[in-house]
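Dear colleague,

Here is the structure I said I would pass on. My notes on it follow below.

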Amino acid sequence: MSSTQTTKIEITRATSSKINEVDFENLSFGAVFTDHSFECDFKNGEWQKPVIKPYAPFLLDPSAKVFHYGQAIFEGMKAYKDDANDIWLFRPDENFKRFNNSAIRMAMPEVPEDIFMEGLNQLLKLDEAWIKKGKGNTMYIRPFMIATGAGVVANPSDEYKFMIILSPAKAYYSGEVKVIIAEHYSRAANGGIGAAKAAGNYAAQFYPTNLANKAGFQQVIWTDDATHTKLEEAGTMNVFFRINDTLLTAPVSERILDGVTRKTLIDLAKSQGIPVEVRPVLVSELVEASKNGTLKEIFGAGTAAVVNPIVGFSYKDEYYELPKAENTYAIKLKNQLTDIQHKLSEDTFGWTVKI
């Protein structure tokens, strides 16, 4: 390994690359990682010198607080390579702000912008060969932070590790997605950490999602914890409903993640003249719209999934299938979004940032 240094980041390059071992046409989402990772530790009340080094496991004390008290947050971002081999990020400022909002909620230190952004830029430049051109090819970016301080006293850690790892990606979901509307389990509660991108939110989803999988459904549409009458999120995605020609989605709250793709789709829809209502959406409203034929679409939205159409939903043991249609809002908005991300159409919103 050879070691070099930029103004702020010490870089140790891998002696060889794994890239020739990867089948980029048959990628399982989040299973393959690039040659390097970015790392910066928080100790003695301040951030230490950041480093980029070969991707590898690392050691933690068995009493590290991430294992015992769950102080762990993350983000999901993507990078894209255009036909000129330039690398682009999509609204990275939004991910950075949300990451630190999550850190604040989990009593963790905020990551300085120069560490976050410069670390990301340098890491992408170092592993740029892993970012493939062409629509549908992306580099999934996973910034995360964990509590590394030792000790099982139930209080916040005094040490943390911030890292960024990269994974080449294609589609997150494949095949049809059917969902079941939650009648008992909840993703989050008022006053809780639902609006933070905290690891524990996802762990708590696994059991009810497993139950849904066994019943033949791929995901759960979560409902509010108090009454289970309001539709909130779909699995790991924000969710949209099209009734007649109007697009509906729930407002963000303490229970609902402020999705970057969600707010992007709202802006895109409005720019195309699509009526959008951001308001509570009732389960009864969805069921009634399905019965009377006004429910045209349901789709999830998120960084990993982008836009994922839902073909049907189950509620109180009754299945409601959505009509098959062409030129859907889901397809239209997904194409507009991915064309902007891949620099195939003009970004009039100023969302894309060149590396």
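At what angle do helix α5 and helix α7 pack, and how far apart are their axes? Helix α5 (residues 260–271) and helix α7 (residues 329–341) pack at about 110°, and their axes are 10 Å apart. That makes α5 roughly perpendicular to α7 (angles under 35 degrees count as roughly parallel, over 145 as roughly antiparallel, 65 to 115 as roughly perpendicular and the rest as oblique). Axes are lines fitted to C-alpha atoms, for helices over the stretch in contact, with angles from 0 to 180 degrees between N-to-C directions. Helices (H or I, at least four residues) and strands (E, at least two) are DSSP runs, numbered from the N terminus. T261, T264, L265, L268 and A269 in α5 meet L333, Q336, L337 and I340 in α7 (contact means heavy atoms within 4.5 Å).

Before the rest, the basis: this is a predicted model, in which local features need pLDDT of at least 70 and side-chain atom pairs count only at pLDDT 80 or more, while totals for chains, interfaces and linings use all residues. Residues are numbered from 1 along each chain as its sequence is written, and side-chain values use heavy atoms, with hydrogens and water left out.

In α2, P92, D93, F96 and F99 meet E113, F116 and M117 of α3.

F96, F99 and F116 also belong to a cluster that ring pairs link together with F38 and F162. Rings of Phe, Tyr and Trp (its six-membered ring) pair if their centres lie within 6.5 Å; planes under 30 degrees apart count as stacked, over 60 as edge-to-face and the rest as tilted. By this rule there are 17 aromatic pairs. In one of them, the rings of F217 and Y319 have centres 6.2 Å apart and planes at 45°, so the pair is tilted. F217 is in the loop between α4 (199–214) and β12 (219–223), and Y319 is in strand β21 (residues 318–321), 102 residues apart. F217 counts as buried at 12% relative accessibility, and Y319 as partly exposed at 31% (buried is under 20% relative accessible area, exposed over 50%, partly exposed in between, with a 1.4 Å probe and protein chains only).

Finally, M163 lies in strand β10 (residues 160–169) and is buried, at 4% relative accessible area. Beyond its neighbours within four places in sequence, M163 contacts residues including F38 and F58.

Regards
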